[in-house]
Amino acid sequence: MTFLDFEKPIAELLEQIEKAKQIAEKSKIDISATIRELHQKVQDTRKDIYSKLTPWQRVQLSRHPDRPYTLSYIHSITDGTFLEMFGDRTVKDDKAIVGGFGSVDGKTVMFIGQQKGNTTKQRQYRNFGMANPEGYRKALRLMKMAEKFGKPVVTLIDTPGAYPGLEAEERGQGEAIARNLFEMAKLRVPVICIIIGEGASGGALGIGIGDRVLMLENTWYSVISPESCSSILWRSWDYKERAAEVLKLTADDMLANKLIDGIIKEPIGGAQTEPEEMYKTVKEEIQKYLSQLFALDTDELVRQRIEKFCAMGAYAEIDSVPAVD
Amino acid sequence: MSWFQRIKGGITTSTKEKKETPEGLWHKCPSCKNIVLAKDHAVNCYVCEKCNYHDRIGSEDYYSIIFDEGKYLELFPNLISGDPLNFVDTKKYADRIVESRKKSGLNDAIRSAHGEVLGEDLVICCMDFTYIGGSMGSVVGEKIAKSIDYCIEKKVPFMIISKSGGARMMEAAFSLMQMAKTSAKLTLLADAKLPFISLLTDPTTGGVTASYAMLGDLNIGEPGALIGFAGPRVVKETIGKDLPKGFQTAEFVLEHGFLDFIVNRRELKVKLAQVLGFFRN
């Protein structure tokens, strides 16, 4: 188990429990009461820490190395029926985005999402979840297939951003993302987008136009990562905590600003503490929203989706153009 | 005894007698240093007659170059940014808005106008780089959205002239969602079978490239314009090598298949009229 810096009190308590157990074994003294007490303390501490997380701590949690990634969700939700499909039919297969059909209690669903790796080797193989243009084009190919056969689309978003590489530019990273925004806006099947980790900018939005956009409790979604924001606005890497605050990137803030449609609760301590419970919750949410969306007529579905995104923005109307100084 | 002796005195003209050259009478090309009369430079659409360098110009210049007799009807001029997040970095965003409006004489980084191009109707949303780096925030998104509604209602072709560093950080996720908003609106323009022309000028990067700028029926570039998703500095840091010459120029983007053609600003108006004619006839 990996502990983040603010989880230290929990790690210390768990260590105490281990020590107590060892002592008990050696000295044959019954200390089960003490251990029970310590376990209670762990729970209380967890609750306490997790009830007042700062935005930056949530960003850290969204990147927790033990946090489940896209494929784990898909395998669990589809009960092992997931059939992965590769390639954009133009350039190659992008390992940073996965996709394919799976069955959710007998109903076919197209799953698409960014995939991160668990080991150093895997992380490189998955390019840290940073997709190239062919990743977005693979995603679009699969979405169009789902549309053709009337199957809903569920995207799972977890990316530090679209890959800013030389070849990505050559192959039109901007065009690939733009095309997805355009096509997803008018896709004639229900689309649910769930941010399960990091939702960084255009790289996230590139598979993020849906009838319902949901965020897990300990994730973030914004136009830029707090680190990059700090380096641009403050010209230093030291203001990431501050940047995390001002960007209003947590699920609560995003919902309050009406930029997402809902929040999915995580187990106390984050998705990584009880992954199975997390998968189950996400599956239930998907089923709940799909049945809502299937009740709508297709024209109405698309109309509502477009209208929802068009309503986003904060501006005012004034009387005149300013005079130049 | 010194080795050098001053024979002539230094500057002897007194400050009172100093002759001032009027500001802005001459224009020096930032690329080839060629000097021309500023008046001639304007007639030349702010393009260097010697090296073809295209100066960065604002919406007013584009409108006067493109629209017949420079005449147009400005649409939705009175939208200004809210400050939805009460954003404060080294400065308050609210103050930045006031300051930028005063300094640029503009209400935001985009203007919208309806005019005629050699008799062809056209609505043009044109971005201004002088307003917070041409960054895309809620007003940019809303003006584009409103302009598209206007085009659909009046059955007029639509054009966006992009010139932007990308999304405006001070509106955070609101800025991000303008990418979704503008792209979603463009689907309605496409359904109405109205042409959308995107002109990408120096620079067009970030979220603007990754939304409306790349979604034209025709994507047109200005010569030498920087066009890309990630900025060159970021790409350089990512690959840890120097970038090849000409990387992310309009010519580069055309070679890789993402622009329909590149047009010299002096021919822009005629080309636009030709294109609009093709769509209409």
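Predicted model: local features only at pLDDT ≥ 70, side-chain atom pairs only at ≥ 80, totals over all residues.

Q: What are the ipTM and pTM scores?
A: The model scores 0.93 for ipTM and 0.93 for pTM.

Q: And what is the mean pLDDT of chain B?
A: The mean is 94. In chain B, 99% of the residues reach 70 or more.

Q: Chain A next. How many helices and strands?
A: Chain A has 14 helices and nine strands.

Q: What radius of gyration does chain A have, and what would a compact globule have?
A: Chain A has 22 Å. A compact globule of 325 residues would have a value near 20 Å, so the two agree.

Q: What does the C-alpha trace of chain A span?
A: About 75 × 65 × 40 Å along the principal axes.

Q: How much of chain A is buried?
A: Buried residues make up 56% of its 325 residues.

Q: What about contacts in chain A that join residues at least 24 apart?
A: They make up 71% of the contacts between residues at least 6 apart in sequence.

Q: How many charged side chains in chain A, positive and negative?
A: There are 44 positive and 48 negative ones. The centres of the two sets lie 3 Å apart.

Q: Switching to chain B. How many helices and strands there?
A: Nine helices and 10 strands. The C-alpha trace of chain B spans about 90 × 45 × 45 Å along its principal axes.

Q: What share of chain B is buried?
A: Of its 281 residues, 55% are buried. The accessible surface of chain B comes to about 13,200 Å². Carbon and sulfur atoms account for 53% of that surface.

Q: And the contacts in chain B, what share join residues at least 24 apart?
A: That share is 67%, counted among contacts between residues at least 6 apart in sequence.

Q: What are the charge counts for chain B?
A: Chain B carries 36 positive and 34 negative side chains. Their two centres lie 6 Å apart.

Q: Now the backbone. Which peptide bond is cis in chain B, from Asp202(B) or elsewhere?
A: The bond from Asp202(B) to Pro203(B) is cis, with omega near -10°. Pro203(B) lies in strand β8, residues 196–204.

Q: What is phi of Tyr46(B)?
A: Near 60°, a positive value in a residue other than glycine. Tyr46(B) lies in the loop between α1 (38–43) and α2 (59–66). At 23% relative accessibility, Tyr46(B) counts as partly exposed.

Q: And phi of Leu118(B)?
A: Near 45°, again a positive value in a residue other than glycine. Leu118(B) is in the loop between β5 (110–117) and β6 (120–127).

Q: Is Leu118(B) buried or exposed?
A: Exposed, because its relative accessibility is 52%.

Q: Last one. Where is Glu17(B)?
A: In the segment before β1 (26–28) of chain B. Glu17(B) counts as exposed, at 58% relative accessibility.

Q: How far is Glu17(B) from Tyr62(B)?
A: They are 45 residues apart in sequence. In space the distance is 40 Å, C-alpha to C-alpha.

Conventions:
Residues numbered from 1 in each chain as written. Chains lettered and ligands numbered in written order. Heavy atoms only, no water. Helix = DSSP H or I, 4+ residues; strand = E, 2+ residues; numbered from the N terminus. Rg over C-alpha atoms; globule rule 2.2 N^0.38 Å. Buried < 20%, exposed > 50% of the residue type's maximum accessible area, 1.4 Å probe, protein only. Contact = heavy atoms within 4.5 Å. Lys, Arg positive; Asp, Glu negative; His and termini not counted. Charge placed at Lys NZ, Arg CZ, Asp CG, Glu CD. pLDDT = per-residue confidence, 0-100. Areas by Shrake-Rupley, 256 points an atom, 1.4 Å probe, with all protein chains shown as cover.
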